[in-house]
Amino acid sequence: MTDISRKDRLRIRLSRLSQQAGAHLPELGLGGLVTVGGTVLLLQEKLMEQVAEWLPPWLIVVLILALPVATGWLTHVVRNRRKDPPQPIFHRLPFPDRVDGLVGRDAEIRQVQERAQERGIVVVQGAMGMGTSAVAVLATWGLTADARKQRYADLRGPDRDHPETPLSVAQRVLRTLDRPPGAIQEPQDATAQVVEALTGTDRVLLLDNVSTWSQIAWLPPRVPGAHIVVAGTLTDELPQHIEPIQLGPLAAEDGQRLLARHVADERVKRDPKALGLLVDACLGTPLEIIRIGRWLARNRQVTLQNLVDDLRSGSVDKMLDFVLERSITQLRPLAKQLFVLLAGLPIAEVDHRAAAALLGVPSADDAIRELAELGLVESVRMTRVRVGGAFRGGGPLEAAAWRRLVEHFADQADAFAALLPGEEARAWFAIEDRVLLQVLAFGNPVPKTARALARIADGLETWFRLEQRHEDRLRAAEALAKAAKALGDEHVQATAELRQCAILLTWGDPRKARQHFNQAAALRVKVESWPAELHLQHAAILLASGDEFTAVESALVRYGQALSGGDLAGHSLRLTNVAALLLRKGQTLDHDGRDREAQRLYADARIVLFESLRLAEQASDPSAAAHGQELLALANRYLEQPLDAKSDLQKAERLYAETADEIGRARCLVQRAVALLDEPDHQPDEVVALLEEAEPRLPPAGVSMALTHLHLARLRPDRAAEHRAAGLAALAPWDGIAEPRQVSELRASLSAL
């Protein structure tokens with residue numbers, strides 16, 4: 001139905017060449033100037049004689065000096081015009097504009113507003129094309145016209161076949177409410193934050209394009225002093241306390257009024273009966289009525305009765321195909337090709353620049369406008385375009401078009417990652433991160449895209465680390481590893497495996513981390529050829545898996561040798577790991593009664609950490625500085641310097657908060673709790689409060705989580721069995737593999753409870 005003929009393909013290529021030539025006009029103009037200049041040089045002797053007669057010598061000198069400067073400036077202007085700077089986007093999605101003149105929905109709009117005043121959550125539900133979003137938006141404008149009190153989240157994801165997960169939805173809602181999305185690990189963790197952000201504010205939160213109730217089941221049932229409106233096509237069963245406002249087909253007279261808006265009055269008067277028949281054929285669906293009305297408006301030579309007669313020749317359920325085929329036939333070549341490409345994409349929506357990249361032209365605005373006029377695409381989220389569900393599944397995806405799209409996203413990810421943590425870059429990634437994940441996870445990666453996919457993954461890694469979304473970090477790294485393996489790029493695959501290794505170590509799972517490290521190491525047979533990151537991960541795994549201090553030290557030495565001299569952040573990280581090794585050695589000696597040697601190692605670790613913090617400050621790396629301060633607090637605690645330890649811990653906690661690193665901040669809370677336990681006059685409730693604040697922010701496995709449950713079990717004897725089981729579960733990743741001494745001692749302490 002959407003195939004392109006050879007004639008159309010030729011016209012597409014000619015149109016594309018024309019647009020590309022237009023984009024290079026400045027260069028062509030500059031080339032013309034150079035050509036003219038060359039011609040002038042042939043006549044320079046005559047010209048110099050004439051100029052010398054006309055102009056004074058001092059002016060000739062000024063012109064000679066100014067000419068190279070002017071030429072350089074002109075070249076700079078032309079080059080700057082060719083650049084494609086990142087497009088500024090709002091950090092938080094603006095509330096949609098008021099939709100005036102909805103036909104036949106006045107009663108439903110009033111109903112939404114009345115229920116919003118009476119109940120906690122109002123659900124507006126309707127099939128695709130019924131105007132569910134438009135009704136919810138207009139009703140929300142009626143609840144408050146103050147833009148400062150409007151909050152909007154579009155929950156429609158980029159995956160055509162799978163709705164957004166509840167966790168992803170919760171993160172998007174938190175961002176809409178100016179809360180860090182990385183602060184939660186489960187959707188239910190967002191409930192309290194939503195209540196806190198909305199209570200008593202008189203705000204209206206509109207959640208648009210919700211696919212299932214399970215996506216938002218974590219929402220609070222009521223927020224005092226605020227309203228929550230949900231709109232979408234919910235496919236699962238709603239809870240009993242939710243009574244949705246169901247949008248059905250338009251009444252016959254309302255449908256006729258809507259269709260008549262798009263058709264000239266004389267045509268309606270000439271065929272009033274045909275107008276009603278067309279509305280009946282559309283089954284009262286506003287979207288279909290509008291689409292047919294737009295098509296009729298563009299085809300004034302077609303009478304309403306003629307269209308009805310054509311439709312009668314086939315079944316009503318084929319009406320969509322009938323109008324679609326006629327619409328596509330009228331499209332210009334570029335618009336037709338764009339429609340085919342958009343319909344066949346694995347991602348549901350792209351912005352206008354990405355659409356232009358698909359076509360390989362400087363701008364696709366005209367083609368998008370042409371498709372929108374016929375109702376073949378809809379504009380969503382400002383400058384984004386989406387093909388309706390009925391038009392999906394075009395021809396096979398063109399490899400060249402997909403390659404252009406991947407390169408486009410790679411360039412954008414590079415540009416905006418370099419601008420993080422700026423607001424403009426945050427806004428771009430907040431909108432595009434799910435699309436980028438879809439691009440990485442495409443099941444049939446196109447050849448010669450591995451490096452571009454790696455650049456996309458690098459941008460996502462920077463973004464997800466900033467937001468502390470470790471599950472999304474792992475998902476992006478897994479997708480990159482699979483794509484690189486399919487494309488046969490071992491370098492990119494090794495990078496992705498190492499990234500998974502680092503994330504899993506952060507997540508407290510050394511066993512799985514070791515598996516990914518081994519896969520990465522298998523791609524680099526000789527140790528001498530390992531990249532620096534591989535040596536660092538090797539050291540981290542050895543440190544997490546046992547007390548083989550010599551092997552760890554050797555890996556850190558190799559890491560330092562592989563780093564460039566100017567990599568201050570890398571050398572800061574190396575010294576932090578050296579300090580961690582010294583602290584671990586000191587703990588082992590301390591437990592063996594060799595406290596004097598242990599104290600010397602603690603002092604050495606403190607000296608190393610001072611140097612690490614100096615390098616982190618020079619590199620302007622707050623994450624490295626936070627980790628260094630955290631370990632420095634630990635070293636001072638072992639050296640029995642409680643005031644210094646407390647000060648360092650406060651600095652670390654502040655730095656972790658600035659970088660939104662909830663896991664790091666949670667570790668600091670555990671350290672504060674342990675330090676309080678050492679004080680003879682400590683308040684148990686204060687310690688419990690710190691531990692309970694840290695527990696939901698920590699990874700489900702690892703030493704910190706096990707230590708938290710150990711102390712909670714001792715301070716809350718009535719729940720000791722529960723905390724004992726949770727603490728042992730946190731140490732489960734070490735089952736069956738070598739484990740450090742501190743893990744063995746923690747396991748023994750928990751088992752003895």
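A: Lys448 counts as exposed, because its relative accessibility is 74%; exposed means over 50% relative accessible area, buried means under 20%, and partly exposed lies in between, with a 1.4 Å probe and protein chains only. The model is a predicted one, in which local features need pLDDT of at least 70 and side-chain atom pairs count only at pLDDT 80 or more, while totals for chains, interfaces and linings use all residues. Residues are numbered from 1 along each chain as its sequence is written, and side-chain values use heavy atoms, with hydrogens and water left out.

Lys448 belongs to the loop between α19 and α20 (450-467). Helices here are DSSP runs of H or I with at least four residues, strands are runs of E with at least two, and both are numbered from the N terminus. The backbone of Lys448 has a phi near 70°, a positive value in a residue other than glycine. Most residues other than glycine have a negative phi, and most peptide bonds are trans.

A positive phi is also found at Asn209, where the value is about 60° although this residue is not a glycine. Asn209 is part of strand β3 (residues 204-210), and with a relative accessible area of 17% it is buried. A backbone feature of another kind is the cis peptide bond between Leu420 and Pro421, with omega at about 5°. Pro421 sits in the loop between α18 and α19 (423-440).

Helix α18 leads on to the packing of helices. Helix α18 (residues 399-419) packs against helix α16 (residues 352-359) at an angle of about 140°, and their axes are 7 Å apart. The axes are lines fitted to C-alpha atoms, for helices over the stretch in contact, and the angles run from 0 to 180 degrees between N-to-C directions. The angle therefore makes α16 oblique to α18, since angles under 35 degrees count as roughly parallel, over 145 as roughly antiparallel, 65 to 115 as roughly perpendicular and the rest as oblique. α16 passes α18 in a right-handed crossing; a crossing is right-handed if the near helix is turned clockwise from the far one by less than a right angle, and left-handed if anticlockwise.

On the α16 side the residues are Arg353, Ala354, Ala357, Leu358 and Leu359, and they meet Ala401, Arg404, Leu405, His408 and Phe409 of α18; contact means heavy atoms within 4.5 Å. By class this contact has 7 nonpolar, 1 polar and 2 charged residues. Nonpolar covers Ala, Val, Leu, Ile, Met, Phe, Trp, Tyr, Cys and Pro, charged covers Asp, Glu, Lys and Arg, and the others, Gly among them, are polar. Ala400 is also in helix α18, and at 37% relative accessible area it is partly exposed.

The crossing of α30 past α31 is left-handed. Arg665, Ala666, Leu669, Val670, Arg672, Ala673, Leu676 and Leu677 in α30 meet Glu686, Val687, Leu690, Leu691, Glu693 and Ala694 in α31, and this contact has 10 nonpolar, no polar and 4 charged residues.

Two buried residues complete the view. Leu536, in helix α24 (residues 532-545), is buried with a relative accessible area of 10%. Apart from neighbours within four places in sequence, Leu536 is in contact with Leu556, Tyr559, Leu573 and Asn577. Thr285 is in the loop between α11 (272-281) and α12 (286-298), and counts as buried at 13% relative accessibility. Residues up to four places away in sequence aside, Thr285 touches Met128, Gly129 and Met130.

The chain as a whole has 34 helices and 8 strands. Of its 753 residues, 49% count as buried. Among contacts with a separation of 6 or more, 70% are between residues 24 or more positions apart.
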